[in-house]
Amino acid sequence: MQQTHSSRSGPSEGEQVPVLSLSHAAKTFGPVVALADGTIHIEAGEIHALVGENGAGKSTLVKILAGLHHPDSGDFQVAGHTVQFRNVAESKDAGISVIYQEPTLFPDLSVAENIFIGRQPKGRFGLISKATMVREAHKLFERLGVPIDPTRIAEGLSIADQQIIEIAKAISLDAKVLVMDEPTAALSGVEVDRLFSVARSLRDRGTGILFISHRFDEVFDLCDRITVMRDGRYISTHRTADVTVDQIVREMVGRDIGALFPKTPAEIGGVVLKVDGLSRAGVFRDISFEVRAGEIVALAGLVGAGRTEVARAVFGIDPYDAGAITFDGRTLKPRNPQVAITAGMGFVPEDRRKQGLVMDLSVARNVTLTLRNKYTTAGLINGAAERRAAQEWSKRLQVKTGSQEYAVSTLSGGNQQKVVLAKWLATDPRLLIIDEPTRGIDVGTKSEVHRLISDLAGRGIAILMISSELPEVLGMADRVLVMREGRITAELDRADANPESVMHAATSSAGGTL
Amino acid sequence: MSSALDHKNAPAPAPAAGARSAVASVLRMRELPVLIALALLVLVTYLINPLFLTAQGVKDLLLNATIIMILAVGQTLLIITRNIDLSVGSMLGLVAFGTGSIFAAVPDVPIIAVFAIGMAFGALLGAINGALVTLAKVPALVITLGTLYVYRGLNNAWAGGKQFFAGDRPEEFGALSVNTFLGFPVITLLAIVVVIAVAIYMSGTRPGRDLYAIGSDPDAATAFGIKVSKRVFLAFLANGALAGLAGVLYASRFNSVGATTGTGMELTVVAAAVVGGVAIFGGSGSVTGAALGAVLLTTITSSLTALRVDKFWQQAIVGVLILTAIIIDRVASLRTAKKLRISEARNV
């Protein structure tokens with residue numbers, strides 16, 4: 001075990017060549033700019049944090065490092081040599097190992113085999129020596145100070161253990177750079193401590209670690225330097241000792257919330273939905289809130305905070321262990337979406353393609369999917385009535401399609417979202433739950449969708465909107481509920497909601513500053 | 001076991017953790033249920049009808065199992081990678097009829113050459129399946145359902161009403177299914193050698209392990225740089241070669257080969273693999289298990305006959321076995337999933 005002395009200084013101070021250096025990398029997907037200026041310099045023997053809002057371009061940057069994406073432009077060097085990865089294997093060969101939030105192991109193979117797949121040690125007759133493999137795996141776990149049985153199969157391992165296995169693999173591959181993409185999001189306190197002690201011991205041996213996290217307490221506890229990204233661009237790099245949490249948050253959100261998201265004032269009526277003490281073990285806990293007629297309530301927070309899970313439980317898709325859901329004063333039976341629909345609830349899911357639409361069916365059929373009974377005579381669908389209803393809704397929502405008979409899969413993302421909305425509006429709902437209303441929708445259509453949602457609220461429909469986009473939350477919501485790790489950590493009125501207050505509630509465990 | 005807390009203070013598992021882990025690993029074996037079922041079945045049948053286990057009785061049991069065993073081994077290679085080949089019955093039929101034709105055309109052909117030609121022919125048919133599946137990226141179920149009928153059609157066109165009988169073939173060839181060595185028919189020994197060879201390949205070589213990885217998570221396998229298409233193609237080719245071998249042995253074992261030889265065999269083969277603990281969703285199971293499954297299925301038929309159970313019930317019982325095997329598998333995986341959720345729930 002050789003001790004490398006890291007200078008822990010910025011690139012400007014030392015002579016040291018960064019072990020990984022990405023400068024001004026750009027990546028676009030069609031018209032969408034995922035990364036405008038991806039810049040990061042990681043030195044050997046440092047833990048470097050990368051922070052930014054959802055959509056700041058962190059994931060794209062990680063995928064470039066991992067060899068999954070190929071940057072359109074920019075300079076990428078590993079240990080002073082320019083590299084161009086064509087695939088994941090080349091990135092690995094160059095000494096970069098990426099550990100994702102939820103690693104992909106082969107569930108049916110043993111732990112040892114997962115570490116050594118494709119490079120299993122050979123013994124007699126050129127056959128794989130299982131004994132050697134298990135021994136080597138065992139040594140790796142010993143070095144990491146984590147006892148995992150190398151002979152057990154990977155299925156059923158906790159996320160934390162799966163990450164440790166990925167780290168063991170990285171060590172056995174002699175990785176120079178370890179990228180950890182939000183590794184702690186799914187871990188418990190004890191597991192985080194264990195991961196950090198492993199990370200520190202790797203740093204002390206000279207590995208450069210890129211640590212991506214939304215939790216500032218962790219970033220400040222663990223990391224030597226912090227790089228901030230915003231809107232796909234590099235903003236700044238600081239030594240951890242030189243900055244405060246407030247400063248970092250300001251850099252992360254520092255932009256104008258323009259008048260892009262016009263929430264027209266609507267008259268707020270009586271309580272439509274009341275959720276009281278809703279809990280589900282391991283997913284969310286003690287969730288209580290109300291949504292009133294004509295009100296837009298945003299559920300903000302980071303991806304994985306449990307927002308979608310709460311919405312699914314409210315709508316009756318997922319079960320819950322405790323609590324009650326009252327709709328228009330009546331308690332709803334759990335685990336029954338049909339009851340929720342009949343009561344007057346609609347659910348626009350995040351993943352339109354998989355959950356919101358039947359992609360191969362026509363626009364008309366999709367719009368009237370929720371209303372089959374209304375347009376059915378003697379068990380048969382009345383095609384003409386169905387088309388008329390679909391026509392009307394498509395016109396109202398300005399769905400752009402050549403014909404009502406085209407398959408939904410031929411429409412653009414924004415128009416698909418309108419079809420989903422039309423589908424629910426046709427049921428005349430009292431409450432709409434909308435999960436990430438504008439994900440994957442281009443900027444122009446985005447504001448159309450926002451106007452639409454605002455209109456609906458104006459007509460007295462209660463809206464519960466889940467959104468990871470801060471401007472959308474702040475622009476649209478009358479009230480903001482912030483969730484973090486399965487709990488509601490803040491409830492903010494429109495006047496009190498600003499980027500700092502929402503980000504604080506979504507990330508810091510202290511949360512007392514609100 | 002899945003939580004970090006649990007073994008935080010536990011001593012690290014020593015390489016020789018002793019008898020307890022040996023017992024545990026036997027209990028974890030996927031082949032265990034089928035082995036127990038087979039033992040029980042033979043025992044019960046023997047107690048009721050002692051004639052079941054005479055030397056001739058055992059020989060018949062083994063002979064009946066041999067061909068399905070070889071086919072099940074080949075099928076397992078594919079099921080482990082989340083593929084399937086439904087055309088094995090048709091491939092067997094083509095090769096069996098081809099074997100008859102060769103002997104009819106060239107009576108003095110060396111038997112070893114017939115084996116080589118039969119396996120090469122099978123490999124070609126399997127390679128066609130493999131190429132269609134890997135190039136067209138259409139599920140194997142659909143592709144091989146198509147080639148099932150295509151190959152059968154070829155067999156029909158080729159054979160017409162013609163059949164070859166055992167009398168048309170050299171005596172030494174037929175003797176392979178009659179002569180025994182240490183009580184085992186020669187063709188059964190051949191099948192056992194195949195099972196052992198493929199089992200070693202699957203557990204002891206990197207390409208063999210790659211097949212498991214592919215079936216366990218195809219996307220992850222691609223991300224790891226495993227050559228998924230190549231491995232799957234070769235698995236189809238190997239399955240074809242094994243079906244070819246089974247076809248040649250069929251011609252040795254049975255009196256007549258013709259246009260309908262091997263019809264419907266594919267389902268028995270898939271059933272044997274599933275009953276033998278090969279997960280239909282890929283990633284786990286062993287060729288040994290599949291071979292045992294083949295023995296179990298054919299033995300059930302014999303033992304139910306020995307017990308004078310109606311023939312119609314026999315199929316129902318096989319069906320129940322398949323369902324049981326799948327339910328056991330499902331329950332086991334649901335349990336681990338639940339365990340995982342609870343272990344993660346600790347700190348929320």
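User: How close do helix 5 and helix 11 of chain B come, and at what angle do they cross?
Analyst: In this predicted model, the axes of helix 5 (residues 111-136) and helix 11 (residues 228-253) of chain B come within 6 Å and cross at roughly 145°. Axes are lines fitted to C-alpha atoms, for helices over the stretch in contact, with angles of 0 to 180 degrees between N-to-C directions. Helices are DSSP runs of H or I, at least four residues, numbered from the N terminus.

User: Which residue classes make up that contact of helix 5 with helix 11 of chain B?
Analyst: 18 nonpolar and 11 polar residues, with no charged ones. Nonpolar is Ala, Val, Leu, Ile, Met, Phe, Trp, Tyr, Cys and Pro; charged is Asp, Glu, Lys and Arg; the others, Gly among them, are polar.

User: OK, helix 2 and helix 13 of chain B: parallel or antiparallel?
Analyst: Their axes cross at roughly 20° and come within 10 Å, so the two helices of chain B are roughly parallel (angles under 35 degrees).

User: Which residues make the contact?
Analyst: From helix 2 of chain B, B:Leu38, B:Leu41 and B:Thr45 are among them, and helix 13 of chain B brings others including B:Gly293, B:Leu296 and B:Ile300. Contact is C-beta atoms, placed from the backbone, within 7 Å. By class, helix 2 with helix 13 of chain B gives 11 nonpolar, 5 polar and no charged residues.

User: Switching to chain A, which residues of helix 5 and helix 6 meet?
Analyst: A:Ala160, A:Gln163, A:Ile164 and A:Ile167 of helix 5 meet A:Glu191, A:Leu195 and A:Val198 of helix 6. That contact has 5 nonpolar, 1 polar and 1 charged residues.

User: What's the angle there?
Analyst: Roughly 10°, with the axes of helix 5 and helix 6 of chain A within 10 Å.

User: What's the phi of B:Arg82 like?
Analyst: Positive, near 70°, and B:Arg82 follows helix 3 of chain B.

Notes: Residues are numbered from 1 along each chain as its sequence is written. Chains are lettered from A and ligands numbered from 1 in the order in which they are written. This is a predicted model: local features need pLDDT of at least 70, side-chain atom pairs count only at pLDDT 80 or more; totals for chains, interfaces and linings use all residues. Angles under 35 degrees count as roughly parallel, over 145 as roughly antiparallel, 65 to 115 as roughly perpendicular and the rest as oblique. Two residues are in contact if their C-beta atoms, placed from the backbone, lie within 7 Å.
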